[in-house]
Amino acid sequence: MRREARALSARQEAIIAVIRSWLTEHGEGPTVRELGARVGLFSTSSVAHQLAQLGKRGVTGRTGRDWSTCYLVTPEPPRRGLRSR
């Protein structure tokens, strides 16, 4: 049985937007505290939970242990060419 993918919450969309702009401005991801301050979450646990949920969905990833090493996963464009039957 397959579950349908749910849409991202407004908070998750805001987190993605902050990460995107932070990466553009600073060249690395924000810390959990910096991210929380921009999104309006004061609990680092809440921010980490949201980041973990985005990671499970395949939207974000990390190259290291710290959240400042996070990156956004870009979806692959649809492949054109031969189709399997």
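**Reading the fold**

Author: Begin with contacts in the chain between residues at least 6 apart in sequence: 44% of them join residues at least 24 apart. Contact here means heavy atoms within 4.5 Å. This is a predicted model, where local features need pLDDT of at least 70, side-chain atom pairs count only at pLDDT 80 or more, and totals for chains, interfaces and linings use all residues. Residues are numbered from 1 along each chain as its sequence is written, and side-chain values use heavy atoms, with hydrogens and water left out.

Reader: How many helices and strands are there in the chain?

Author: First, the rule. Helices (H or I, at least four residues) and strands (E, at least two) are DSSP runs, numbered from the N terminus. This chain has 3 helices and 2 strands. Along the sequence the pattern reads α-α-α-β-β.

Reader: What share of the 85 residues in the chain do buried residues make up?

Author: Buried means under 20% relative accessible area, exposed over 50%, and partly exposed in between (1.4 Å probe, protein chains only). Buried residues make up 27% of the 85 residues.

**Helix 1**

Reader: How do I check the span of helix 1?

Author: The expected span of a helix is 1.5 Å times one less than its number of residues. Helix 1 has 17 residues and should span 24 Å; its end C-alpha atoms are 24 Å apart, which agrees.

Reader: Which residues of helix 1 are buried?

Author: They are Gln12, Ile15, Ile16, Val18, Ile19 and Trp22. Seen down the axis, these buried residues fall within an arc of 165 degrees, so they line one face of helix 1. The arc is that of the directions from the helix axis to the C-beta atoms. The face turned away from the buried side of helix 1 carries the exposed residues Ala10, Thr24 and Glu25.

Reader: What do the buried residues of helix 1 pack against?

Author: They pack against helix 2, helix 3, strand 1 and strand 2. Just after helix 1 comes Gly27, with a positive phi of about 80 degrees.

**Helix 2**

Reader: Which residues of helix 2 are buried?

Author: Val32, Leu35, Gly36 and Val39 are the buried residues of helix 2. They cover an arc of only 100 degrees around the axis, which puts them on the same side of helix 2. Turned away from that buried side are the exposed residues Arg33 and Ala37. Helix 1 and helix 3 are among what covers the buried residues of helix 2.

Reader: What does the span check give for helix 3?

Author: The 13 residues of helix 3 (residues 44-56) should span 18 Å, and the end C-alpha atoms are 18 Å apart, which agrees. In helix 3, Val47, Gln50, Leu51 and Leu54 are buried. Their arc around the axis is only 100 degrees, which puts them on the same side of helix 3. Ser45 and Lys56, on the other side of helix 3, are exposed. The buried residues pack against helix 1 (10-26), helix 2 (32-39) and strand 1 (60-62). Just after helix 3, Gly58 has a positive phi of about 85 degrees.

Reader: At what angle do the axes of helix 2 and helix 3 cross?

Author: Axes are lines fitted to C-alpha atoms, for helices over the stretch in contact, and angles run from 0 to 180 degrees between N-to-C directions. Angles under 35 degrees count as roughly parallel, over 145 as roughly antiparallel, 65 to 115 as roughly perpendicular and the rest as oblique. The axes of helix 2 and helix 3 come within 9 Å and cross at roughly 95 degrees. Helix 2 and helix 3 are therefore roughly perpendicular to each other. Val32, Arg33, Leu35 and Gly36 of helix 2 make the contact with Thr44, Val47, Ala48 and Leu51 of helix 3.

Reader: And where do the axes of helix 1 and helix 3 stand?

Author: They come within 11 Å and cross at roughly 90 degrees. Helix 1 and helix 3 are therefore roughly perpendicular to each other. Arg11, Gln12, Ile15, Ile16 and Ile19 of helix 1 meet Gln50, Leu51, Gln53 and Leu54 of helix 3 in this contact.
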